[in-house]
Amino acid sequence: MVDAIHGDFEQKIANDITIEPRDTMPDDYRKTLIRQISQHAHSEIVGMLPEGNWVTRAPSLRRKAVLLAKIQDEGGHGLYLYSAAETLGVTRDELLDQLHSGKAKYSSIFNYPSLTWADMGAIGWLVDGAAIMNQVPLCRASYGPYARAMVRICKEESFHQRQGFEIMHVLAKGTEVQKKMAQDALNRWWWPALMMFGPHDSDSTNTEQSMKWRIKRISNDDLRRKFVDVTVEQTKVLGLTVPDKDLMWNAETGHYDFGAINWAEFWNVVKGNGPCNKQRLEARKAAWQKGEWVREAAMAHAEKRKARKEALVAA
Ligand code: 3HC
């Protein structure tokens, strides 16, 4: 029996037809998309901070230029995703209020400090590597604006991951001190990167419905396992050691078995008690306040252009 109000919606989902902003959709579908897309956008914007910390200390002009380009990309990803969220009837100001008030989540990974230059490598390699793993399936999300934003974003993520791996490779093949710095960064970023994929499927509140609605195509645990399988091989190329004494190739399953994730740490960081949560939110709120004059000037300019256009039409 086709549901009278959302029949069209259910059929479109069943036939893998993209849902567009003007289509009818269940309120919960809209709500979970606003939740996920806005938190994704917040993650991109907050994610600029740990890397911004190293722009003035990049070891060469080339590294500085590459890092600047990556950070600018992340800002653009955030704006793209806020625009995708706005097509669902929420305003950017509402979304930013939710971030600044601490109500909205963003990826826990960005609440860890970037302590050395090797962290720029580990973030690009591991964090953007995990982001690619999670975002490529989102290019086929059922909601059109989100899926299309992901296509553009994933192209840029590949550059982010490669530049990070290159930094790690130079350090890991460098002096003993450089190799130690790379291993230290891997030790500190490995487990938080696995947490990026979210809780185990059995503890995930959203996965089942998100997969029914074809927002999420692959579950948290399957994506995490894919990431581990790929990244452990890359770690061998670097000649570094994955900080997991239980990591073991399982010939039966054809995947790596790995140790238990510290979910108490994960939820503690998600709840706002990570090493940098307060610092990150303060930085975002300060940037928002400092940028008020730019927003006002842009709005004044837009108003003037609109008035001039209307005067021309009236003349
Ligand atoms: N950090 C913070 N919160 C997290 C989290 C994490 N790593 N993983 C899960 N959560 C939250 C979820 O948001 C959810 O809370 P909510 O219902 O209040 O939103 C709760 O924990 C339970 O998790 P679920 O698995 O049920 O939630 P989802 O089905 O939404 O799955 C997700 C979580 C896999 C992160 C999914 O939201 C997703 O794919 N989001 C889009 C991708 C994304 O946001 N990636 C974050 C990093 S962006 C990035 O790295 C950019 C790169 O350029 C650097």
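Buried means under 20% relative accessible area, exposed means over 50%, and partly exposed is in between, with a 1.4 Å probe and protein chains only. R214 has a relative accessible area of 26%, so R214 is partly exposed.

Now the ground rules. This is a predicted model, where local features need pLDDT of at least 70, side-chain atom pairs count only at pLDDT 80 or more, and totals for chains, interfaces and linings use all residues. Residues are numbered from 1 along each chain as its sequence is written, and side-chain values use heavy atoms, with hydrogens and water left out.

Let me stay with R214. R214 is not a glycine, yet its phi is positive, about 55°. R214 lies in the loop between α9 (207–212) and α10 (220–238). A word on those labels: helices (H or I, at least four residues) and strands (E, at least two) are DSSP runs, numbered from the N terminus.

W213 lies in the loop between α9 and α10. Is W213 buried or exposed? W213 is at 11% relative accessibility, so it counts as buried. Now look along the chain to K304, 91 residues from W213. The C-alpha atoms of W213 and K304 are separated by 43 Å.

Next, Q209, in helix α9. Q209 counts as partly exposed because its relative accessibility is 33%. Q209 and D28 are 181 residues apart along the chain, but their C-alpha atoms are separated by 9.8 Å.

On to the ligand. Where does the ligand sit? The ligand is in the largest pocket. Here is what that takes. On a 1 Å grid over the protein atoms alone, a pocket is an open set of points with protein on both sides within 12 Å along at least five of seven lines; a cavity is a set where a 1.4 Å probe fits but cannot get out, and lining residues have an atom within 4 Å of a point. A molecule sits in one if more than half of its atoms lie within 2 Å of its grid points.

Which residues come nearest? Of the 32 residues around the ligand, they are E74, K105, E157, K216 and N220. A residue is near a molecule if one of its heavy atoms lies within 4 Å of it.

The shell divides into twelve nonpolar, 13 polar and seven charged residues. Ala, Val, Leu, Ile, Met, Phe, Trp, Tyr, Cys and Pro count as nonpolar, Asp, Glu, Lys and Arg as charged, and the others, Gly among them, as polar.

Which helix gives the most to the shell? That is α2, with six residues. At least two shell residues come from each of α2 (27–46), α6 (118–135), α7 (144–172) and α11 (263–273).

Now the polar contacts, meaning pairs of N or O atoms within 3.5 Å. K216 has a polar side-chain atom 2.8 Å from an oxygen atom of the ligand. At N206, a polar backbone atom is 2.9 Å from a ligand oxygen atom. At Q36, a polar side-chain atom lies 3.5 Å from a nitrogen atom of the ligand. On its own, the ligand has 1,000 Å² of accessible area, and the protein covers 91% of that. Those areas come from the Shrake-Rupley method with a 1.4 Å probe; for residues, only the protein chains shown count as cover.

First up, K155, in helix α7. K155 counts as exposed because its relative accessibility is 62%. K155 and V136 are 19 residues apart along the chain, with 9.5 Å between their C-alpha atoms.

Then D16, in the loop between α1 (7–14) and α2. Its phi is near 55°, positive in a residue other than glycine. D16 has a relative accessible area of 42%, so D16 is partly exposed.

Last, F258, in the loop between β2 (255–257) and α11. F258 is partly exposed because its relative accessible area is 24%. F258 and D244 are 14 residues apart in sequence and 6.9 Å apart, C-alpha to C-alpha.

Conventions: A polar contact is a pair of N or O atoms within 3.5 Å; within protein, one must be able to donate a hydrogen and the other to accept it, and residues adjacent in sequence count only if both atoms are side-chain atoms.
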